[in-house]
Amino acid sequence: TRPGPAEGGGSNPSKRHRERLNRELERLAGLLPFPPDVVAGLDKLSVLRLSAGFLRARSFFSERPSICGGSAACWPSFGCPVSCWKSDHGLYLLISSLLQALNGFVLVVTSEGLIFYSSHTIQDYLGFHQTDVMHQSVFELIHTEDQPEFRRNLHWALDPPHAPEGAPSPAGKSLDSSAVIYKPDQLPPENSSFLERSFVCRFRCLLDNSSGFLALNLQGRLKFLHGQNKRSADGSALPPQLALFAISTPLQPSSILQIRTKNMIFRTKHKLDFTPLACDAKGKIVLGYTEAELRMCGTGYQFVHAADMLYCAENHVRMMRTGESGLTVFRLLTKDNHWKWVQANARLVYKNSKPEYIVVTQRPLVDEEGGDYLRKRSMHLPFTFATGEALLYQIAHPVPGFPDLFQSKGKPSKSKKPSCSLVGCSQKNGVDPRSLLGAVMRQDKAVY
């Protein structure tokens, strides 16, 4: 029993309601079958959306024989911990390995166009995390010109209903309005070759450096989606409807360089000024830092190569205007004082129609790839050297101590970690430590 308000203290029902709601959402988020670092980055609406998607998947498994005995929706790539598989631990590892070896990802889409399930390997090909797409409209990912073709393949007879003239397109956000309900006796047998599908669509890709879309070949078949307990407007139960179960593979095979790095895609979370807030497990492996080490030195630009700073800042400004940075290739400083090329796409996450934080999806590149991007980069930015210099910032007077950081011919520093000791120096010289110049001054010259 919760204690009542203190005597003389005011009662605030609205605040108590928010606190109860937040506690329940935290409890619900803790039940989701995803790693803690993923759950920590979810907002309230995402928790509710993923909970609904998980319960729908659980209902499907309870209606069909499953390797989990129908006790839970333990699809291997749904993020379930290995402990939930118990005696099926070996099978879990086998299927997870098969998904990693597969040149593509698994996708299940309902007849309305809702993503019922996507394997976690979607991140290796499109850059979106599994939590970004689950229980979302598939048409938000598909190129506008390819949406009619995808909708056509969702229909059992390849002939979806057409919207009357003047009515909004069915490829919009209203999913239920375009769904057609059929009785099982009106449809071909589930094992009929007539329900097989093989077609090509362009999907949004955060990792693509040309059009922003990746052409995928979807190959699979329409199958009944059991256990969804849907009801019509009059309350009567609806029969199971067909859904597309498909494997999505890129039309163009991945290069050897992409294969070497695709399984190390990681995500980081930042404040609006790019200050790091969180990093997932793969990011900690690639960069070598803990989250505390990433946060301790302020702005994230002190981890960016000086020759890439203005390039990154320009895309940062573009993201603040448009919501997405576009493809950005630059160098990050690892804990062992080496530069690691990454291919990144940053996007804003909004709360109450206001930007709240930045999520960055990053794919490590080998040095050969990074060098190619550097040669192709537009040279309209006002820099000429590879190590950064004061000319970039067009300062009217020299900053004491700054030229010695990169142009000194003396013995290099023995420091092996990014140093924060220059903060006081930059403040003393009148340079804002949060500026690009301040970020360069905080770096150790030995890393160049």
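## Briefing: salt bridges, core and surface

Let's start with a pair: Arg-363 and Glu-369 join their side chains in a salt bridge, at 3.7 Å from N to O. Here, a salt bridge means a side-chain nitrogen of Lys or Arg within 4 Å of a carboxyl oxygen of Asp or Glu. Both partners are tucked in: Arg-363 is buried, and Glu-369 is too. Buried stands for under 20% relative accessible area, exposed for over 50%, and partly exposed for what falls in between (1.4 Å probe, protein chains only).

Keep in mind that this is a predicted model, where local features need pLDDT of at least 70, side-chain atom pairs count only at pLDDT 80 or more, and totals for chains, interfaces and linings use all residues. Residue numbers run from 1 along each chain as its sequence is written, and side-chain values use heavy atoms, with hydrogens and water left out.

**Salt bridges**

- With that cut-off, the count comes to 14 salt bridges.
- Asp-132 and Arg-267 pair up through their side chains at 2.8 Å, N to O. This pair links distant parts of the chain, 135 residues apart: Asp-132 sits in helix α6 (residues 130-133) and Arg-267 in strand β6 (residues 266-270). (Helices, H or I with at least four residues, and strands, E with at least two, are DSSP runs numbered from the N terminus.)
- Arg-267 counts as buried, at 17% relative accessibility. Arg-267 also belongs to a salt-bridge network with Asp-132 and Arg-347.
- Glu-324 and Arg-204 form another salt bridge, again listed at 2.8 Å from N to O. Glu-324 is in the loop between α11 (309-322) and β8 (328-333), and Arg-204 is in strand β3, so the pair ties together parts 120 residues apart in sequence.
- Glu-324 is partly exposed at 25% relative accessibility, and Arg-204 is partly exposed at 26%.

**Nonpolar core**

- The largest nonpolar core has 32 residues, and Leu-126, Val-138, Phe-150, Phe-203 and Leu-218 touch the most other members. A nonpolar core is a set of buried Ala, Val, Leu, Ile, Met, Phe, Trp, Tyr and Cys residues joined through side-chain atoms within 4.5 Å.
- Elements giving two or more residues to this core are β1 (105-110), α5 (122-126), α7 (147-154), β3 (196-204), β4 (213-225) and β5 (241-250). The top contributor is β4, with four residues.
- As background, nonpolar side chains tend to be buried together in soluble globular proteins.

**Surface patch**

- Lys-15, Arg-18, Lys-44 and Lys-351 make up a positive surface patch. Patch residues have over 30% relative accessible area and no salt bridge; like charges are joined within 9 Å, and nonpolar side chains (Val, Leu, Ile, Met, Phe, Trp, Tyr) within 5 Å.
- Lys and Arg count as positive and Asp and Glu as negative, while His and the chain ends are not counted.
- Lys-15 lies in helix α1 (residues 13-31) and is partly exposed, with a relative accessible area of 42%.

**Backbone and other spots**

- His-135 is not a glycine, yet has a positive phi of about 65 degrees; His-135 is found in the loop between α6 and α7.
- Asn-337, also not a glycine, has a positive phi of about 65 degrees. Asn-337 is in the loop between β8 and β9 (339-351) and counts as buried at 17% relative accessibility.
- Ala-292 lies in helix α10 (residues 291-295) and is partly exposed, at 47% relative accessible area. The C-alpha atoms of Ala-292 and Leu-277 are separated by 8.7 Å, with the two residues 15 apart along the chain.

Definitions and conventions:
Areas by Shrake-Rupley, 256 points an atom, 1.4 Å probe, with all protein chains shown as cover. Charge placed at Lys NZ, Arg CZ, Asp CG, Glu CD.
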